[in-house]
Amino acid sequence: MFPAPPKLQRQWAGLTSFVSVERSGQRDGQPFIETQYYISSQSQTASEFLRATQAHWGIENRLHWVKDVTFAEDFPLRRGGNAPVNWAILHNFFITIARYLGFRTIPQAQRALANQLQKVFSFFV
C-alpha cells in the first residue's frame, strides 16, 4: 500500500491509495503467483486492506464463481426478455437453500435435491 501522488489525487477526486496484493498457491496442481492492483479512496494500513481484499475474494468465491461456473450465467442458454433475470433469481434462491440446508457444495446440493421438492421447500414450514 502506498499513497497516491498529490498531483494524481488532484486529478482524480477521492483517490487516496494504491494497493498491490500478491497471491500465490496451486491451481490444478500447478503453482502460481499473481499480483493484483487496486485503487482506493481509503487510507488504511496494509493489514486492513488485506482483510478487505480477502473478504471480497470470499464473496467472489462463494457467490459469483458459483453462479459463473456451476450455473454458467456468463453464457445463458435462455436469452431475451426476462429469462436471464428470472434464472438468476432462481439460482440465487437455490444457492440460499443449499447453504441453509448445510450442503458443502452447490453441485452436491443439486444431486441431493434433484426431484426432492419437499426437501427444497421444507424450511418454509
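Predicted model: local features only at pLDDT ≥ 70, side-chain atom pairs only at ≥ 80, totals over all residues.
1. **Terms for the sheet.** Two strands pair if DSSP finds at least two bridges between them. Helices (H or I, at least four residues) and strands (E, at least two) are DSSP runs, numbered from the N terminus.

2. Residues are numbered from 1 along each chain as its sequence is written, and side-chain values use heavy atoms, with hydrogens and water left out.

3. **Overall layout.** The protein has 5 helices and 3 strands. Read from the N terminus, the order of elements is β-α-β-β-α-α-α-α. The radius of gyration is 20 Å, well over the 14 Å that the globule rule gives for 125 residues, so the protein is more spread out than a compact globule. That radius is taken over C-alpha atoms, and the rule is 2.2 Å times the number of residues to the power 0.38. Along its principal axes, the C-alpha trace spans about 60 × 40 × 30 Å.

4. **Surface and burial.** How much of the protein is buried? Buried residues make up 19% of the 125 residues. Buried means under 20% relative accessible area, exposed means over 50%, and partly exposed lies in between (1.4 Å probe, protein chains only). The accessible surface comes to about 9,400 Å², and 56% of it belongs to carbon and sulfur atoms. These areas come from the Shrake-Rupley method with a 1.4 Å probe; for residues, only the protein chains shown count as cover.

5. **Contacts along the chain.** Take the contacts with a separation of 6 or more: residues 24 or more positions apart account for 32% of them. Contact means heavy atoms within 4.5 Å.

6. **Charges.** There are 13 positive and 8 negative charges, and their mean positions are 5 Å apart. Lys and Arg count as positive and Asp and Glu as negative, while His and the chain ends are not counted. Each charge is placed at NZ of Lys, CZ of Arg, CG of Asp or CD of Glu.

7. The 3 strands form an open sheet in the order 1-2-3, with antiparallel pairing. Strand 1 (2-3) and strand 3 (30-40) are the edge strands, each pairing on one side only. Strands 1 and 2 are joined by 2 bridges, in the antiparallel sense. Strand 2 (residues 17-27) pairs with strand 3 over 11 bridges, also antiparallel. Ser17 stands opposite Ser40 in strand 3. Phe18 has Ile39 of strand 3 as a bridge partner.

8. **The hairpin turn.** Strand 2 and strand 3 form a hairpin with 2 residues between them. Asp28 lies in this loop. Most residues other than glycine have a negative phi. Asp28 is exposed, with a relative accessible area of 80%.

9. Asn115 sits in the loop between helix 4 (106-113) and helix 5 (117-120). Its phi is near 60°, a positive value in a residue other than glycine. Asn115 counts as exposed, at 77% relative accessibility.

10. **Ile39.** This residue is in strand 3. Ile39 counts as partly exposed, because its relative accessibility is 44%. Leaving out residues up to four places away in sequence, Ile39 touches Trp12, Leu15, Ser17 and Phe18. Ile39 and Pro107 are 68 residues apart in sequence and 35 Å apart in space, C-alpha to C-alpha.

11. **Phe71.** The loop between helix 2 (46-70) and helix 3 (83-100) holds Phe71. Is Phe71 buried or exposed? Phe71 is buried, because its relative accessible area is 16%. Beyond its neighbours within four places in sequence, Phe71 is in contact with Val66, His91, Phe94, Ile95, Ile106 and Gln110. Phe71 and Pro107 are 36 residues apart along the chain, and 9.7 Å separates their C-alpha atoms.
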